Amino acid sequence: MMIWIDKLRRDHALAPDEYRQLLATTDTDAVEYLHRQAREVALRQFGHDIYIRGLIEVGNRCRNNCYYCGIRAANMSVARYELTKEQILTSCREGYKLGFRTFVLQGGEKSGSYAMWEDVVSEIRLAYPDCAITLSLGEMTRSEYEGLFRAGANRYLLRHETYNADHYRRLHPESMSREHRLQCLQWLKETGYQTGTGIMVGSPGQTLDHLVEDICFIRRFQPQMIGIGPFIPQHDTPFRDCRPGSADLTLRLLSIFRLMFPSVLIPATTALSTLLPDGKARGILAGANVVMPNLSPAAYRSSYALYDNKAAMGTEAAEGLALLKQELDKIGYRISTARGDFK
Ligand code: 5AD
């Protein structure tokens, strides 16, 4: 096992079955070794700097019905909201004062409209020429992606969720298409966005073979950012009674991606922190180099309920940067207020 880990660090790739064995192994020394190698690679690349991104949850209206997600269209129990342009700009202003130089606008696929996003992005670009604007607004047309890029957006996050066609079908209704999701990712890259993709770990029906397919897809796609968090059930969804994903497996994947892509940007996700109280530290020690504290107006945070018990306070909150600083300090890391582009 150790030999494969060394090989992964050296060649940035393994054979599919070798990835599978790394995911399946019960050898805890090997897993510790995997995390240590990934940590070293991240240290060599980024030092002890952790990039911060201010996450603004711009709205929870959605036209889709992903079986796992708490803001799916069919969920009548969630209070729907949409931030105004002014509220978003106020969040940016507060974030800027706190030291954020990346704003991430994330929302359901029926929050705002294309015209509104073009306007919002242009205004943020004008007010904060030194900041990166990341969008996470789901599937759009190619010309919409291009328009928002021209308006000043730099990065786009769109997880493929799962590469396997049967598994994709298990997670999404017929109205959604894996092929279209992959097409969108291609468009984003061609448009010039630093593009992020990723998966949920332990979503219902997922097997280790599916995860190996995800790894191989991500290798071909060569994203600049990779988001990986455990699946966590949400009580108003068809998957309410399913078991959450494994934090251990999430951390293994994180380390594998770090070894595959030394300079890729990988967040220690909120979902991981929701599952493990020390998830952020564990993620960083396994190779993550980004955290995304919540910069949304506090009154709306509980409505952006993708999954149950979602952490939005403490070190997950932008106002909690002091706390985050302390937590990073404990493991010898520090916040970087650099823009932190992919290099
Ligand atoms: N558990 C974990 N992650 C989830 N997401 C949506 N629903 C859940 C859930 N129940 C993730 C998806 C999506 C991102 C914004 O949130 O991967 O891409």
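Student: How far does a backbone N or O atom of I232 lie from a nitrogen atom of the ligand?

Tutor: Good place to start! This is a predicted model, where local features need pLDDT of at least 70, side-chain atom pairs count only at pLDDT 80 or more, and totals for chains, interfaces and linings use all residues. Residues are numbered from 1 along each chain as its sequence is written, and side-chain values use heavy atoms, with hydrogens and water left out. For a polar contact (a pair of N or O atoms within 3.5 Å), the I232 backbone atom and the ligand nitrogen lie at 2.7 Å.

Student: Which residue has a polar backbone atom 2.9 Å from a nitrogen atom of the ligand?

Tutor: A polar backbone atom of L306 is 3.5 Å from a ligand nitrogen. The protein buries 87% of the 410 Å² that the ligand exposes when taken alone (Shrake-Rupley method, 1.4 Å probe). At 2.9 Å from a nitrogen atom of the ligand, the residue is Y68.

Student: How many residues of the shell around the ligand are charged?

Tutor: The residues around the ligand (a heavy atom within 4 Å of it) include Q106, R159, E161 and F231. Asp, Glu, Lys and Arg count as charged. The shell has eight nonpolar residues and one polar, and the charged ones number two.

How values were computed: A polar contact is a pair of N or O atoms within 3.5 Å; within protein, one must be able to donate a hydrogen and the other to accept it, and residues adjacent in sequence count only if both atoms are side-chain atoms.
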